[in-house]
Amino acid sequence: MVPAAIFTLMIGVDVAGAPFPFSEGGAQHLWFVLIALQLALWLDRAVDVGLSRALSHRATVTATLLSFLLRALVWVIALLAMLDNLGVNITALVASLGIGGVAVALAVQTILSDLFASISIGLDKPFEAGDFIVFGSVAGSIEHVGLKTTRIRSLGGEQIVCSNTELLKQTIQNYKRMQQRRIVFAVRITYKTDVEKVAAVPGIIRSQIESQTDTRFDRAHLARFGEGALEFEAAYYVLTADYNHYMDIQQAINLGIMLQLQAADIALALPEQILHMPRDAAPAPDARGRNPIGDAPAAAPA
């Protein structure tokens, strides 16, 4: 590289005692500029290599943005140091850069907010491309995390584009990282069932849950005297995050419970309403003296 070559040449000239083409002050400035330039090149390369290794499994956009910001910072500091060493008053320049930076930041604060949100997503990794997430009323798979927006493919097939800042303000449920799924479901039987048969229902539910693979039984109880039925509540864990596999297991459990209840002569409760009417509450006759329920005339008052 050119700085290294000039640096080596100056060392050779100094060691050989040859006359230097610059004055002593100019030589000192040149030494500083070369050293600062070489350090900036090394730091630039170190930032590039270090981030590529540290963020090798992270979002590419985040790694690129961080690399650009850090390398820009290195070169700005190196340039200001060289100008200061050469006698340039950088106070006004730094003040101007500060004021200009504040003005630019205020003008593009929304864009900068999304940029830093993108960096936060890349470093903290609340989700990655391919993860299935739910936030608010949106449910879908992450397709791409960009500098300003994140693109999500919803269950309906349409693409949803969300600002990174607004996305991080939400409570996000990441279902891809779910290790197990807890399921609670209910079974309702009629009040006409004998007590002995009622007591056997939790065991029937448990046997069906434990007969399935990738499940762990939690509990099964007669939970409440419901409206029109005895309600049993059961809970178990599915030891996988696959939703389709969970539905297959739940279907097998439901069918097994139905078969065992049928074999034990236990009837599932149907939604029904029973209306009790007192017999002395006869409807009033109409204007022609006929009973509105039937065609027979209403009884004459005694």
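Rings of Phe, Tyr and Trp (its six-membered ring) count as a pair if their centres lie within 6.5 Å; planes under 30 degrees apart are stacked, those over 60 are edge-to-face, and the rest are tilted. With that in mind, hello everyone, and let's look at this structure together.

A word on the source: this is a predicted model, where local features need pLDDT of at least 70 and side-chain atom pairs count only at pLDDT 80 or more, while totals for chains, interfaces and linings use all residues. Residues are numbered from 1 along each chain as its sequence is written, and side-chain values use heavy atoms, with hydrogens and water left out.

So, how many aromatic pairs does a search of the whole structure find? Three. One of them is F132 with Y175, an edge-to-face pair with 6.1 Å centre to centre and 65° between the planes. F132 sits in strand β1 (residues 132-135) and Y175 in the loop between β5 (173-174) and β6, so the pair ties together parts that are 43 residues apart in sequence. Strands here are DSSP runs of E with at least two residues, helices are runs of H or I with at least four, and both are numbered from the N terminus.

Y243 is partly exposed at 48%, whereas Y246 is buried at 13%.

Now please find the sheet. Which order do its strands have? It is an open sheet of three strands, β6-β8-β7, with antiparallel pairing; two strands pair if DSSP finds at least two bridges between them. β6 (181-189) and β7 (215-225) are at the edges with a single partner strand each, so one side of each has no neighbour in the sheet. Nine bridges join β6 to the antiparallel strand β8 (residues 230-238). For example, I183 has Y236 in β8 as its bridge partner.

Helix α8 (residues 243-263) packs on this sheet, touching β6, β7 and β8, where contact means heavy atoms within 4.5 Å.

Note on methods. Axes are lines fitted to C-alpha atoms, for helices over the stretch in contact, and angles run from 0 to 180 degrees between N-to-C directions. Buried means under 20% relative accessible area, exposed over 50%, partly exposed in between (1.4 Å probe, protein chains only).
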